[in-house]
2 protein chains.
Amino acid sequence: MNDTTYASITTALESIEGLDVLTKPESTSAYAHDRAVWAAYDVPVAVVRPSSTEQVRAVVAACIEHRTPLVTRGAGTGLSGGANATSDAVVVSLERMDQLDVDVEHRLARVQPGVVNDDFRAALAAYGLWYPPDPASSPWSTIGGNVATNAGGMCCVKYGVTGDYVRELEVVTGTGEVVRLGRRTAKGVAGYDLRGLMVGSEGTLGIVTEVVVRLRPLPPDPTTVIGNFDSLEDAGRAVALIGVAGISPSLLELVDRGCLEAVDAWRNMGLAGEAEAVLIGRSDVPGSAGEQEVAELLRCFEEAGATFTAASVDRQESEALYAARQFAFPAMERLGVVLTEDICVPLARVPDVLARLRSIGEAHDVKVATIAHAGDGNLHPLLVTPPGDEAAGVRARAAFEEIIQVALDADGTVTGEHGIGLLKRDGLTRELSPAVAAMHHAVKSALDPHGILNPGKGLPL
Amino acid sequence: MNDTTYASITTALESIEGLDVLTKPESTSAYAHDRAVWAAYDVPVAVVRPSSTEQVRAVVAACIEHRTPLVTRGAGTGLSGGANATSDAVVVSLERMDQLDVDVEHRLARVQPGVVNDDFRAALAAYGLWYPPDPASSPWSTIGGNVATNAGGMCCVKYGVTGDYVRELEVVTGTGEVVRLGRRTAKGVAGYDLRGLMVGSEGTLGIVTEVVVRLRPLPPDPTTVIGNFDSLEDAGRAVALIGVAGISPSLLELVDRGCLEAVDAWRNMGLAGEAEAVLIGRSDVPGSAGEQEVAELLRCFEEAGATFTAASVDRQESEALYAARQFAFPAMERLGVVLTEDICVPLARVPDVLARLRSIGEAHDVKVATIAHAGDGNLHPLLVTPPGDEAAGVRARAAFEEIIQVALDADGTVTGEHGIGLLKRDGLTRELSPAVAAMHHAVKSALDPHGILNPGKGLPL
């Protein structure tokens, strides 16, 4: 971007009433990237922090006029580089749009995009209500970012992902108009599902300025079950058995030995023992049906060869059983730089794919430890390299690309819940046929005719 | 269409290997319209009945070459005219594409579009599996038609609509390519949700040639509860109370006095009695939690002023309690020509809207009786006119348009599950803002650049 263009876009932004505009590199550099440090990024021309839909609309209008790209971000907890900035872009941080209203009568909430997921959860609990999507980033990540990536989490195995809860969106479009997509009613088939198209589109089709989500009653306290396994394959078979049996646990997570050891090294919990993998399941079905569900889960664990199982309804004991999963990611981060994979495969392929992950780590001399939303087949191999070790970083990237291919070969997808951003564009290109890739670009051009919305992200190459 | 064009498209179709082509009006006229007899239709140029995806692809290629519109249809049970033909169009009937495969291990099924909904249900029951979407047309309607309209039914209140079950689609696009959209895995965020965009698009964005749906285990036998009410408003309040309480019945239907009397007149069941409205609910939760859910439903009925309530777990008695709902629509059809409305409103607005429906019927001197998927706020006012009475038909159309406005005024939608087709294009235009209407047309042009896919349907004017 040349100096004249730079000056004219910043002048245009600064003339928007009440808009907070940052242009000094010492301020804007904090908004240069999300958590995908492996992906390219640069310090943007400016960062704006709007506090109203009208300000967002005016920013988009200015960027259309000055042909300036826009990168929208929430809390910057993304793992694919979807919010990484470029040197010619304006970053729109929605952190100041953080209002919410709860409509108890209809079990709906109207939420601005900057509301933090856990804050939203806490506000709802006061009404006995619940918004299920629970990405691991929920203490920091915002509802807007969750919508942009169609975020998942632990709850998905029973309760679905962000898009399953979004009823209506207010969006500033690529032509600078404020629109409402979707509807407030439980059902509706009037027109194309543009609401659904917007969810997970990573800021490439519009800027979400308000979200209406449906809510559920708070679920009862769950029973937690745990199973230790001698091999990843056994644990994978337990998951597949649960799938075939048609049981719907409210959580079904896997933690492998690499993660268990990392947790032990940090918190000295003695989790690893002899186990190669631990499965943690939960049932939140009340009464006798819940007892039966727990029995069925334990039966599947045992049938697959669990060497130890336990179950608890006690809240504190439940939390203790869950500790291995809770501390796995931060424990791995203590060991080095973590590159998080996010493949998703059919349940019957989970055992094979888990075995392949281990051999890929060995072949590339990279530490690979895996946590997984096992009940969904959504695996998060964590590739850990020593800080500053560039050669190890190169090996990790090679392992990362090979894992993507393993997912595709297993009829899976390159991203279960983290999104394409920058890191997975090549993988997406491999996943989609050329004709489907062309459909993506046709839709993008139709809804972002000026090509200013997060260009270079989320789409096949 | 002039004779030369006519001859060249039929010649092109007849040269497609193995394709069944009908051109005689005595054959093609049976494919001229769906059940929306109020909407315009004409006898098409030809009807093709492909038996493979390759034949569908070749038909689309021929229609692109000859700039001939295509109208795709399943069983023709649609209620909005979405499958109504024009005199220049080729109708693609998918009735011969009726194969299905069940993948028990992954609880998925691969279904061709011509499979009849109830046949699919029967095939799955043999495996203890279940595909919930259950439109009233399920004995005849096909999975392809269900996908094209995002069909609902009784199950939606707990189990969602067709789109909630579609994992993957094979589609012949507007550019004549065969693509696969979506994925087989439980989660996935790779690229735009083009699968979701295709669902409910009424044949305007592509022709669905294969559907992969997820399945559930067959639910346990339900308990049926019934409540009689002195007024529609009381019944509506019971529905709103159930919503606020966060209870999830597996069915919650309303039948008003007009329908009850029609059923009595037909089958002499003595249903109407003193009741102005009957609510029928079901719970399929097993064990003690189910008993509690039934008690909660009855409490809501009674709190809203039910004059009579009953509950039964016995299968035969359950069916008897359900008879009023089951026979309501055919009973109304015995009384004249039925124009079926399909509005959907927020639950708290149901009592008001029900009252408005009655007064609209009186104002226009049209018999209006209502059945409703009450738990979703999806109301089906049935406007009945004597066969051949044109003046009554005109009055019914006026009432129909007024009901659409009532839905919009109540923050509702003009169609909960039947689709836009031809009958609701004006209503859709009123529901969407001009900017959202423009987004619809931009997406349509992007994915159907030749404008041949069911032109004139499903979109705002």
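**View 1. A salt bridge joins B:Arg183 and A:Glu431.** In this predicted model, the closest N and O atoms of B:Arg183 and A:Glu431 lie 3.9 Å apart. The term salt bridge is used here for a side-chain nitrogen of Lys or Arg within 4 Å of a carboxyl oxygen of Asp or Glu. Between chain B and chain A the count is 4 salt bridges.

This is a predicted model, with local features needing pLDDT of at least 70 and side-chain atom pairs counting only at pLDDT 80 or more, while totals for chains, interfaces and linings use all residues. Residues are numbered from 1 along each chain as its sequence is written, chains are lettered from A and ligands numbered from 1 in the order in which they are written, and side-chain values use heavy atoms, leaving out hydrogens and water.

**View 2. Chain B meets chain A.** Here 69 residues of chain B are in contact with 70 residues of chain A (heavy atoms within 4.5 Å). Together the two chains bury about 5,300 Å², with 68% of it on carbon and sulfur atoms; buried area is the accessible area (1.4 Å probe) that two parts lose on being put together, summed over both. Look for B:Lys187, B:Val189 and B:Tyr192: they supply 18% of the area that chain B buries against chain A, more than any other three residues.

**View 3. Helix H15 (434-447) is one of the elements on the side of chain B that touches chain A.** Helices (H or I, at least four residues) and strands (E, at least two) are DSSP runs, numbered from the N terminus. H15(B) gives the largest share of this side, 9 residues. It lies across strand E8 (166-173) and E9 of chain A, running at about 65 degrees to E9(A). Such angles run from 0 to 180 degrees between N-to-C directions, with axes fitted to C-alpha atoms, for helices over the stretch in contact.

**View 4. Five strands of chain A form an open sheet.** The order is E5-E6-E10-E8-E9, and the pairing is antiparallel; two strands pair if DSSP finds at least two bridges between them. Strands E5 (100-103) and E9 (178-182) of chain A stand at the edges with a single partner strand each, so one side of each has no neighbour in the sheet. On average, neighbouring strands are turned by 20 degrees against each other, direction ignored.

**View 5. E6(A) pairs with E10(A).** Strand E6 (residues 108-111) and strand E10 (residues 206-214) of chain A are antiparallel over 4 bridges, and A:Ala109 has A:Val213 as its bridge partner in E10(A).
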